[in-house]
Amino acid sequence: QKLAFALDFKPNFVPVPLSLKSFTDFGQDKCESRSFKFLREEIPVRLSHIMREFHDLPDSFSSRKSVQLVRGWYERSYEELQRYEHQDTSDPKVLKQFLENIQAILNRHAKVVETMAQGVMEMQETFNIDPKSSTELQYFLDRFYMNRISVRMLLTQHVELFSRDRRRKGGDHIGIIDPSCDVGQIVDIAYNNAKQLCEQQYLISPNMDLILCNNSNENQSIQMVCVPTHLEYMVFELIKNAMRAVVEFHSKETEVPNIKVIISKGKEDITIKISDLGGGVPYSVTDILFQYHYTTAPRPQENGPSPALAGYGYGLPLSRLYARYFGGEISLSSVEGYGTDAFIYLKVNPEDANECLPVYNKTTSKMYDTNQVVPDWSSPRPWNQSYRTFCTG
Ligand code: W6P
């Protein structure tokens, strides 16, 4: 069964990235059989590309029960979708069955992030993760979760557009896309949610100064085509981190400095800059903040109350994937001892906002085969031990 899956993989089928523009065009057509025809090919291609990468992972990770469980879900969903390969695209019964199947797949994969996180934690507890495994794991999880975001986007769009009980929802929304999303409004919602959590935990929270800079349309709100749930997730995560830093850095004071948010719309980018005076982090830590096996806050207890402002430490890396998914980025610039600026970059034009999808090829397999790589920059060592060594490699 598993072998059959591996042989099924056809590397000449490359995932087809869609732009936000093509998502909205597609959604306005509302042609269910066209959507069905696209998805029954595209989803298996996307699934097979990421399934292939499981083979290249270190055994210490891929042999974990939780990882095996997730692999099983992927194989099952792949097989279910393959069954539609030759079915009649205009038969309403087939379309109905496909829609229900897709809902079942979305449910089956609902806990993938938590389950994989479990595997990562177990691996950390059992082994000391060396730099090589750490790089591979980070590389894999970024690609794996990006793949998941993309597959869920396609499946959710289909369900939202064609399921009868979803149609009443949300004014001019096209599936889960808001063609005129008010960015300032999303920032307000995210701020208020973060504020509530912050006050629960610390009894105090920083205020927010919000500045809009709409270069193309003075003094008006800033609107864009985007997936509001993705945007809210990113802004919430960054504001939450900013708040925690501010409140903890000023814990002996009765007043805390505001968080400053600037939203600017240029020709190419919409940028959201979130600045805090929370004491910052050392430069060397800014990369580590995006690693999946890192969190600043105590880990959630399995049965205990969940600490309000902490999760599995996946908020930042996942937020960055949401930004990158449609061609954007998240970056942090910190001034240790002072504060941090966080930046969300998003594409203004929906034509330019293309899905960023992992593709399995030779380069990918080389990333997992870094055994022979010898560092080509010096590494520090105590000078009294530093006998001159010969070049290796
Ligand atoms: C910090 C650390 C951090 C991460 C993300 C966003 C804001 C901040 N502030 O001190």
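**Figure 1. Residues around the ligand in the predicted model.** The model shown is a prediction. Leu238, Asn241, Ala242, Ala245, Asp276, Leu332 and Thr340 are the residues around the ligand. For Asp276, a polar side-chain atom lies 2.8 Å from a nitrogen atom of the ligand. For Thr340, a polar side-chain atom lies 3.4 Å from an oxygen atom of the ligand.

**Figure 2. The protein chain and its confidence.** The chain has 393 residues, and buried residues make up 47% of them. Its secondary structure comes to 13 helices and 7 strands. Among the contacts with a separation of 6 or more, 78% join residues 24 or more positions apart. The pLDDT averages 89 over the protein chain, and 88% of the residues score at least 70. Residues 1-7 have pLDDT below 50; this stretch has 7 contacts in the model beyond near neighbours in sequence. Residues 303-308 also have pLDDT below 50, and this stretch has 6 such contacts. The model scores ipTM 0.93 and pTM 0.91.

**Figure 3. The aromatic pair of Phe36 and Tyr84.** The structure holds 17 aromatic pairs. One of them joins Phe36 and Tyr84 edge-to-face, with 6.0 Å from centre to centre and 85° between the planes. Phe36 lies in helix 3 (residues 32-54), whereas Tyr84 lies in the loop between helix 5 (65-82) and helix 6 (92-108). The pair therefore ties together parts that are 48 residues apart in sequence. Phe36 and Tyr84 are both buried.

**Figure 4. A cluster of linked rings.** Ring pairs join Phe54, Tyr74, Phe140, Phe144, Tyr145, Tyr292 and Tyr314 into a cluster. Phe54 belongs to helix 3 (residues 32-54).

**Figure 5. Arg320 over the ring of Phe290.** Arg320 lies over the face of Phe290. The distance from the ring centre is 4.2 Å.

Figure 6. Thr364 is placed in helix 13 (residues 362-367). Its relative accessible area is 1%. The cut-off for buried is under 20%, so Thr364 is buried. Not counting residues up to four places away in sequence, Thr364 touches Glu53, Tyr139, Arg143 and Val359. Glu53 is 311 residues from Thr364 in sequence, yet their C-alpha atoms are 8.1 Å apart in space. With Val359, the backbone oxygen lies 3.1 Å from a polar atom of the Thr364 side chain.

Figure 7. Thr135 and Leu99 are 36 residues apart in sequence. In space they are 38 Å apart, C-alpha to C-alpha.

Notes
Residues are numbered from 1 along each chain as its sequence is written. This is a predicted model: local features need pLDDT of at least 70, side-chain atom pairs count only at pLDDT 80 or more; totals for chains, interfaces and linings use all residues. Side-chain values use heavy atoms; hydrogens and water are left out. pLDDT is the predictor's confidence in each residue, from 0 to 100. Contact means heavy atoms within 4.5 Å. Rings of Phe, Tyr and Trp (its six-membered ring) pair if their centres lie within 6.5 Å; planes under 30 degrees apart count as stacked, over 60 as edge-to-face and the rest as tilted. Helices (H or I, at least four residues) and strands (E, at least two) are DSSP runs, numbered from the N terminus. Buried means under 20% relative accessible area, exposed over 50%, partly exposed in between (1.4 Å probe, protein chains only). A charge sits over a ring if NZ of Lys or CZ of Arg is within 6 Å of the ring centre and within 35 degrees of the ring normal. A residue is near a molecule or strand if one of its heavy atoms lies within 4 Å of it. A polar contact is a pair of N or O atoms within 3.5 Å; within protein, one must be able to donate a hydrogen and the other to accept it, and residues adjacent in sequence count only if both atoms are side-chain atoms.
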